[in-house]
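Hi,

Here is the structure I promised to pass on.

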Amino acid sequence: RYGLDLIDNQLPMGSLEKGVDILYIMRSIQEFVTSYKYNLNQQNFIQRRPDRSSKFLNTISVQSISASLRQHGLGIVSTAINHAYQFLSKKFQTFSEFLVDEYIQSLISKEVRWFDESKETTNSVYPFSRALTFASEFRKLGVTNKGLTCLDKCRILVTEIGNSLGFVRMVQSAGRKYCSDAAQFLPATVVNHKFYVASDEDGAEEEKIPDTPVTKAAKNIDEAILALNKNLGKKSDYIRVLRRVFRGTLLKSDCAHLEGFFAIIPALCLGWIEASLQGKEMMHKKSANRDGYFTDDGFAMGIAFILSVLGQNDQFDSLNWFESLREKLDSDQDDINSKRDAQVFRSQVLAVNSQKSSMFGSFFTQAEEKETGEYGEDELTILNMMGKRISGNKREMEILFYSMHGARKFFRSG
């Protein structure tokens, strides 16, 4: 490029930081969002299941995307964002077609009307029982061979939208990391300095400067510095750019069928909690019939994005859904604890009475054995399993709450 004759540096044509190439993700973004799970805090993607003849899972991090940018250059960033935008457009269209269904619209409208009319009796809290009944209504529309309802399909669709947004966020962070790593070699006085100037200090045009290798090098340095400043600035916040583009498009179109989306979120959350628990349980089984995973923050990203685009954050907050869910789980946990304590006390009493059975004959011994059979260790085991299940639900609920709270910060206006 600069006319320099370099010797072979004997370095390998690769990097330990490089994983799945960004070009592969761009060409098969549909396969990517369905095959990987997004982690919001660590900002990486983890493969759901290994490839054939492989014993390891691929992971994609900011470092691996940054290594791809070093190989392909910063020009590929805009191409990657454009691919993600086109994919998001198709998925959002599918999402809109799902909510435009008459039966689903009637269910959502009925739920919105009920909540508006019951705010005084429910203290403006959407009850857990109502969300459970609402979710069961979708099962009447049919179930696939894999046991998925149309509500599960909607949850998976929202997750794919969130995964694509997670990819955009990762490319944005990788671009900034690449630029910050490159900018450390520039002195602070050089950032706003131009090496190639076509006029004198008074602004008058100079004589035509010959196109020499020195002037070409000066232009290249100026372009490189400009690209670094551009990618490190606020204009590279592609997450907010996508939000602004989609929101502007929806404001110009008729999207009345999307106005009640916030009412379906509680039912979607229940489905996500159940699926997340099953995914974590599958990780501990050797013969798993489903994919095992421990993170799935794409759902929270998708919900936050759709709420922001539709302008329904306030409507969703008015449901006080997570407060209702937390109160229900705490109540169930207290109930299980009280039953378990009562069963432990009963077992202790029976153990003491069994020591005195020898002096009362066989009649009391048989009665005690019958009572032990009815309220014995089997019931205590069941109570322990129920308590463990409720604790798992509470943990997943808190994970979803904080993930959604953090994701909504990315899409705030301003």
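H7 and H11 pack with their axes 8 Å apart, at an angle of about 80 degrees (axes are lines fitted to C-alpha atoms, for helices over the stretch in contact, and angles run from 0 to 180 degrees between N-to-C directions). The two helices, H7 and H11, are therefore roughly perpendicular to each other; the classes are under 35 degrees for roughly parallel, over 145 for roughly antiparallel, 65 to 115 for roughly perpendicular, and oblique for the rest. From H7, Phe128, Ala131, Leu132, Phe134 and Ala135 meet Pro266, Ala267 and Leu270 of H11, where contact means heavy atoms within 4.5 Å. By class, that contact of H7 with H11 has eight nonpolar residues, no polar and no charged ones (Ala, Val, Leu, Ile, Met, Phe, Trp, Tyr, Cys and Pro count as nonpolar, Asp, Glu, Lys and Arg as charged, and the others, Gly among them, as polar).

Before I go on: this is a predicted model, so local features need pLDDT of at least 70 and side-chain atom pairs count only at pLDDT 80 or more, while totals for chains, interfaces and linings use all residues. Residues are numbered from 1 along each chain as its sequence is written, and side-chain values use heavy atoms, with hydrogens and water left out. Helices (H or I, at least four residues) and strands (E, at least two) are DSSP runs, numbered from the N terminus.

H11 (residues 265-282) also packs with H12, at about 170 degrees and with the axes 12 Å apart. That makes H11 roughly antiparallel to H12. Here Ile265, Leu268, Cys269 and Trp272 in H11 meet Phe299, Ile303 and Leu307 in H12, and the contact has seven nonpolar residues, with no polar and no charged ones.

On to H7 (residues 128-137) again, this time with H5 (residues 102-117): the angle is about 165 degrees and the axes are 11 Å apart. That makes H5 roughly antiparallel to H7. Tyr103, Leu107, Ile108, Lys110, Glu111 and Trp114 in H5 meet Arg130, Phe134 and Glu137 in H7. This contact of H5 with H7 divides into five nonpolar, no polar and four charged residues. Phe134 turns up here and in the contact with H11.

Then there's the sheet. Three strands make an open, antiparallel sheet in the order E1-E2-E3 (two strands pair if DSSP finds at least two bridges between them). E1 (36-39) and E3 (59-60) stand at the edges with a single partner strand each, so one side of each has no neighbour in the sheet. E1 and E2 (residues 44-47) pair over four bridges, and Tyr36 has Gln47 in E2 as its bridge partner. Helix H8 (residues 150-183) packs on the sheet, touching E1, E2 and E3, and its direction makes about 130 degrees with that of E2.

Last, confidence. Mean pLDDT (the predictor's confidence in each residue, from 0 to 100) is 83 for the protein, and 82% of its residues reach 70 or more.

Cheers
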